[in-house]
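Thank you all for making time this morning. I would like to walk you through one model, starting from the whole chain and ending at a single side chain.

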Amino acid sequence: MAHGVSFKEIQKSYLKVFIALMVLTALTVAVTTIHFGDTLNIVVGILIALLKAGLVAYIFMHLKFDHRRLRLFVYIPLAFFVIMVYALTVLGL
């Protein structure tokens, strides 16, 4: 983990992600009061949730500080998962 990264930099990353997660949570609550249409409300909620999950995985699960090849073992299955969820929900396959 974290070769050449100081503890201060890691702390700053944690704080930035924490603030981003709080803002995204507030945005999620705010979006529920706006009616975009049934499908678009679900899509917006899923996009915000995916962004939050990505931030957690990237910083709190140390993907940012790990080797690039290790990240591929997370990104490739994640891409397949997103495609599968899209196909099963939005396209109704």
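What we have is a predicted model, in which local features need pLDDT of at least 70 and side-chain atom pairs count only at pLDDT 80 or more, while totals for chains, interfaces and linings use all residues. Residues are numbered from 1 along each chain as its sequence is written, and side-chain values use heavy atoms, with hydrogens and water left out.

As for confidence, pLDDT is the predictor's own value for each residue, from 0 to 100; the mean for the protein chain is 87, and 97% of its residues reach 70 or more.

The protein chain has three helices and zero strands, where helices are DSSP runs of H or I with at least four residues, strands are runs of E with at least two, and both are numbered from the N terminus. The radius of gyration of the protein chain is 16 Å, well over the 12 Å that the globule rule gives for 93 residues, so the chain is more spread out than a compact globule; the radius is taken over C-alpha atoms, and the rule is 2.2 Å times the number of residues to the power 0.38. Along its principal axes, the C-alpha trace spans about 45 × 30 × 10 Å. Of the 93 residues, 16% count as buried, meaning under 20% relative accessible area, with exposed being over 50% and partly exposed in between, for a 1.4 Å probe and protein chains only.

Let me turn to helix H2, residues 38-60, whose 23 residues should span 33 Å at 1.5 Å a residue, and whose end C-alpha atoms are 32 Å apart, which agrees; the expected span is 1.5 Å times one less than the number of residues. Its buried residues are Ile48, Ala57 and Ile59, and what covers them includes helix H1 (7-32). Just after H2, His62 takes a positive phi of about 65°.

Which residue of H2 do I want to end on? It is Lys52, placed in that helix, and partly exposed with a relative accessible area of 22%. Not counting residues up to four places away in sequence, Lys52 touches Leu21, Leu24, Thr25 and Thr28, a contact being heavy atoms within 4.5 Å. The side chains of Lys52 and Thr25 are also joined by a polar contact of 3.3 Å, that is, a pair of N or O atoms within 3.5 Å, one able to donate a hydrogen and the other to accept it, with residues adjacent in sequence counting only if both atoms are side-chain atoms.
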